[in-house]
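Biologist: Can you walk me through this one? I have some questions for you.

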Amino acid sequence: MPDQLLFAMEVTLNGLMAGVLYALVALGFVLIFKASGIFNYAQGVMALFAALTLVGIQDGQVPFSHLINAIFGTDVHHFGWHVPALLAILLTAGVMVLFAWIVERYVLRHLVNQPDIILFMATIGLAYFMEGFGDLMWGADIKKLDVGLPQGINIPIDETTYGWFGYGFFIDNLDITATIVAVILVVALTLFSQYSKQGRALRAVADDHQAALSVGISLRFIWVLVWSIAGFVALVAGIMWGSKSGVQFSLSLIALKALPVLMLGGFTSIPGAIVGGLIIGVGEKLFEFTIGPLVGGATENWFAYVLALLFLVFRPQGLFGEKIIERV
Amino acid sequence: MNTQTAESFVTEDGRTIGGVVMEMKNITLRFGGVVAIKDISFDIREGEIRAIIGPNGAGKSSMLNVISGFYVPQEGEVWFKGGKRPQMKPYQVAQQGIARTFQNIALFDGMSVLDNIMTGRLTKMHTNMFQQALWFGKAEREENQHREQVEKVIDFLEIQNIRKTPVGRLPYGLKKRVELARALAAEPNLLLLDEPMAGMNVEEKEDMSRFILDVNDEFGTTIALIEHDMGVVMDLSDRVVVMDYGKKIGDGTPDEVRNNQAVIDAYLGVAHD
């Protein structure tokens, strides 16, 4: 097989894996948008915050240590213990549930029946608040996140493909793990929302608040539930991105990449978020590989947005978005 | 019919009407300076069809919203099943077995007819979130049980053929029927219908009347309804409350109300000579 084709195949595979990571972030957006019609700008920051908290708990960091030291003149930084990865993840999940409760109690509850744009603005505020709060709580330095996920080149794939084509594909173990986790997450979430009673209640709330109340659904419970699930998805995305590129504040910017993903997949579709992520991932890698050299590279920065723009023109509801049914 | 007796009795057409199940005591509801309901008291007996009528803006829907917890009255008490009801959120009222429909249809447009009606069963489902998430035996058994109940309601209201259709695509009359189905699926103790026949043609109205009577007859469901069509109201209901400008001006059997001078003046039209 010609080298060019082999390269292209490897690029495609890597693009698929990168797409999974985009999809993980997009998934959090879709969940909240579906259930409450709110575009949650803070989703990316939630992933960052979850990753920061996870690292902090794992390494036994003292929260707010800078603040404490500045006020009391002490010099504490670490508790001096290490928490096992699994326990730390569970604790962080607990923190995200608590966060969901706080958001409902102190933000959403006061904005019931406000226009969507107000709620959107509130999530922007929330995003900046969380970014600052995360900084204050855990410090702004780049941290290494290691929860024991396999990393580095996958040897079996490398050897197998070498045996077949005489050229070994480089696939990162972490990307493979992320793919498996994403598939499980999506299947579980789809089943939950389609077939469980809470899932049905969740869709009901998304559709009509008044009707949902009249059949005995507590809106507050559903909101806490939705934000908890979104927090959990953010945690998973945070773990994957954090393991890949370290926990740093630019992590919150990956949320921006989720936007074109959502425009492609549709804001209301869980499978759409995945397919959208894959298309963007593969698309930008292949584009960079084929067209990049002709235009001087760095196409990955804008390709996704141009693709999204084209979709907005020809299919505004995205690939899997709900069709707009209107009776006249 | 003597409305004062607390004992149950049997009507001419053989239905049993029991004691008082819900009692509104001196309800007053204000929106700012506007008095929507002014010191109104009435009761609803178990197994009866109770109508609330009155001209536009009389406060009928507000009264229904007070019963279902959407509005909180400034004064007065709501007694349900012999006890004073504390202030409740609408979803808590629903959990007590009070189901309702809305004047302007509130369905879940994006969901199928079946899913819409299934939401009516939510208050009857008892498996918790973790069992649901894992979909272990118990959650599945429960789902199937409730599905059976929902199918009964679907058969009863003759909407088998639109089971899988998204509600948003249905014509108005059918939407009204699906909304009734969702309320029925909850097996309510008290069913509140806010203008169940508004905007329907004669045929649809006849169908709906038949369903309301059948529900009351077969399941013994207590029904409180608001309706504009006087003919329908007089045919359906056992007792009627008449409201005008937020006040109660009449209460009794259809015949009593028909012959009440205040009601005739306010609602049925006064003869000017």
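Biologist: At what angle do helix H1 and helix H10 of chain A pack?

Modeller: This is a predicted model, to begin with. In it, helix H1 (residues 3-36) and helix H10 (residues 219-245) of chain A pack at an angle of about 175 degrees. Their axes are 9 Å apart. An angle over 145 degrees counts as roughly antiparallel, and H1(A) and H10(A) are therefore roughly antiparallel to each other.

Biologist: Which residues of H1(A) and H10(A) make the contact?

Modeller: From H1(A), the residues include A:Leu21, A:Leu24, A:Val25, A:Gly28 and A:Ser36. From H10(A), they include A:Ile222, A:Trp223, A:Trp227, A:Met240 and A:Trp241.

Biologist: And how do the residues of that contact divide into nonpolar, polar and charged?

Modeller: The contact of H1(A) with H10(A) has 19 nonpolar residues, two polar ones and no charged ones.

Biologist: Stepping back, how many helices and strands does chain A have?

Modeller: Chain A has 14 helices and zero strands. The radius of gyration of chain A is 21 Å, close to the 20 Å from the globule rule for 328 residues, so chain A is as compact as a globular protein of that length. Along the principal axes, its C-alpha atoms fill a box of roughly 70 × 60 × 35 Å.

Biologist: What percentage of chain A counts as buried?

Modeller: Of its 328 residues, 43% count as buried. As for contacts in chain A between residues at least 6 apart in sequence, 73% of them join residues at least 24 apart.

Biologist: Chain B now. In what order do the strands of the open sheet run?

Modeller: The order is E8-E9-E10-E5-E11-E12 in chain B, six strands with mixed pairing. E8 (98-100) and E12 stand at the edges with a single partner strand each, so one side of each has no neighbour in the sheet. On average, neighbouring strands are turned by 15 degrees against each other, direction ignored.

Biologist: Take E11(B). Is it enclosed or open, and why?

Modeller: Strand E11 (residues 239-244) of chain B has five of its six residues buried, so it is largely enclosed by the rest of the structure.

Biologist: In which sense does E11(B) pair with E5(B)?

Modeller: Parallel, over four bridges, with strand E5 being residues 49-53 of chain B. In this pairing B:Ile52 stands opposite B:Val241 of E11(B).

Biologist: And with E12(B), parallel or antiparallel?

Modeller: E11(B) and strand E12 (residues 247-252) of chain B pair in the antiparallel sense over five bridges. Here B:Val241 stands opposite B:Asp251 in E12(B). The hairpin of E11(B) and E12(B) has two residues between the strands, and B:Tyr245 in it takes a positive phi near 45 degrees.

Biologist: Last topic, the two chains together. How many residues does each chain give to the contact?

Modeller: Chain B gives 27 residues and chain A gives 20 residues. On the side of chain B that touches chain A, the elements giving two or more residues are helix H2 (90-95), helix H3 (113-119) and helix H4 (129-134) of chain B. H2(B) gives the most, with four residues.

Biologist: How many residues on that side of chain B are nonpolar, polar and charged?

Modeller: The side of chain B that touches chain A has 14 nonpolar, eight polar and five charged residues.

Methods: Residues numbered from 1 in each chain as written. Chains lettered and ligands numbered in written order. Predicted model: local features only at pLDDT ≥ 70, side-chain atom pairs only at ≥ 80, totals over all residues. Contact = placed C-beta atoms within 7 Å. Nonpolar A, V, L, I, M, F, W, Y, C, P; charged D, E, K, R; others polar. Axes fitted to C-alpha atoms, helices over the stretch in contact; angles between N-to-C directions. Parallel < 35°, antiparallel > 145°, perpendicular 65-115°, else oblique. Buried ≥ 20, exposed ≤ 12 C-beta atoms within 10 Å, placed from the backbone. Pairing = 2+ DSSP bridges. Rg over C-alpha atoms; globule rule 2.2 N^0.38 Å.
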